[in-house]
Amino acid sequence: MSTTAEQVSAPRGPAAARPSRWSAVELLPPLAVVLLGAVLLAPGHGLWFDELFTAEVGRRSYAEILAAVVEGRGTTSYLATVPPSYNAPWYLVVHAWTSVPGLGGDTSLRVLSLLATAGGLALVTRSVTRLASRAAGVLAGLVLAVNPLLLEQAVEARPYGLAVLATGGALLGLVRRLQEPPRGLLLFGLAGAGMGLAHWYAVTVLAAFVVAALLLRGRRALPEAFTGAAAALPVAGLVGVNLVNGNGARNADWLPDTGGRLADLAVGAWVGGLAPLFALTVGLAVLGALRGRGVRAVGACWLLVPLTLLLLAEQVRPVYLPRYLLAGLLGLGVLAAVGALTVPRPARAPVAGLLVACSLVATAPLVDRGPRERADDVVALLTERHVAGEPVVAADLRSATGLDHYVRTSAAQLRPDVVLPPEDARAPQDRVWLVRQVVGGEVVPSDDDAILQDAGLQVTAVYEFPASHTALVVQLWER
């Protein structure tokens, strides 16, 4: 008779269990995330700053990217103070991806993240199926696939899809190791290294998997512990390089201090701010941690260890940003799914359906979200109204990043007239187009204002491009 790993375990570790055969139904979660991702990608909104940064760095050669990381500098003049730093492995992957003929466009960058996310969900589904049951595995995968935080990151050209993929690989390696030693250790180590390199916060989940192995196998888990420690070395090296070149605390200044509410805020972000889903998810996750046969130890460690480590880290410096915690919050979704299958049998299908339905409700606003930045529309306007010889000036690095990208990809005729920081506006000229950022309803000041005013120019037309993240404005200055 088939039993789970924890049921047949000695007091300190699971014995080998016969894993269930793979079934095509386990493809439902990755298929669901791809379909939902396609819906979110359908409007074809332009890239925003973080994604534009990916496109800019990813197009550079491997040597240029690595040199920028080691030296702690940017890859172009207007990004001189914004080095690739911690996401360097992602940019190397992007460079390889875009080197394939036909994959250099904006959408392909987002598709890379989406496909990686789908692969990660397939691995999580298989892992939970082996630990618990096929029903638990498929439900866990579906709960993750329809989650608003995961979906939002899955369709953006950033490294979180790779982090999900590596997390799923490390989990499957751990499960194989628990059930069929010595299998799984190599996968656990390689994917564990990939977790930290995809996003360095994910190393906390690697630590969680090691803790779970120690709880389940005791001293027999020393190989997993040593492998986990070795897998953490690459990301430790990456952090070390950034400490040496002065970028160790980069971005810390704008991360919020949660005042000890990190866990509460993280769960709120996971459920998209939907209060009923918050209560349902937490309640079912508690049931999963207490009663989820086969998966409770791994799931509980997966969620609690990263949150505990980050709460401790917050005593030193702010660390909270919802997407940074994504790899750890996957454990919350898995526990909630498993918990839904621990209620009395007649209620299991309704509770599972309610969990998925509420997640879809929380995800619904993503379908109607507008662009986060409209640099593509800025360049479209300039293409229509600009006359050759008129300078097109980017007043700040965010404006410059979008302007440079979309001129390169869709309006090469503007290139001779584009002026990027640290260069200022050219004077005297009769007409100058100035692209700049708007923050808090106010145009960000620039040295270009004084240069143009001293040359006798004034603003004669303003074109606004509001967006949910970066608002831009184009000013036409004329004599």
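Arginine 183 is partly exposed, with a relative accessible area of 42%; buried means under 20% relative accessible area, exposed over 50%, and partly exposed in between, using a 1.4 Å probe and protein chains only. In this predicted model, local features need pLDDT of at least 70 and side-chain atom pairs count only at pLDDT 80 or more, while totals for chains, interfaces and linings use all residues. Residues are numbered from 1 along each chain as its sequence is written, and side-chain values use heavy atoms, with hydrogens and water left out.

The side chain of arginine 183 forms a salt bridge with that of glutamate 180, at 3.4 Å from N to O. The term stands for a side-chain nitrogen of Lys or Arg within 4 Å of a carboxyl oxygen of Asp or Glu. Elsewhere, salt bridges with shared partners tie Asp50, Glu152, Glu156, Arg158, Arg323, Arg369 and Arg372 into one network.

## A link across the chain

Glutamate 180 also meets arginine 130 in a salt bridge, here at 2.5 Å from N to O. This pair connects distant parts of the chain, 50 residues apart: arginine 130 sits in helix α5 (residues 106-131), and glutamate 180 in the loop between α8 (160-179) and α9 (185-198). Helices are DSSP runs of H or I with at least four residues, numbered from the N terminus.

How do the two ends compare in accessibility? Arginine 130 counts as buried because its relative accessibility is 10%, whereas glutamate 180 is partly exposed at 23%.

## Glutamate 64 and arginine 60

Another salt bridge joins the side chains of glutamate 64 and arginine 60, with 3.9 Å from N to O. Glutamate 64 has 38% relative accessibility, so it counts as partly exposed. Arginine 60, at 15%, counts as buried.

Over the whole structure, the search finds 25 salt bridges. As a general point, side chains of opposite charge can pair when their charged atoms come close.

## Around tyrosine 91

Tyrosine 91 belongs to helix α4 (residues 88-98). Its relative accessible area is 4%, so tyrosine 91 is buried.

Which residues does tyrosine 91 touch, leaving aside those up to four places away in sequence? They are Phe53, Thr54, Val57, Gly58, Ile65 and Pro84, where contact means heavy atoms within 4.5 Å. Glycine 237 is 146 residues from tyrosine 91 in sequence and 17 Å from it in space, C-alpha to C-alpha.

Notes
Helices (H or I, at least four residues) and strands (E, at least two) are DSSP runs, numbered from the N terminus.
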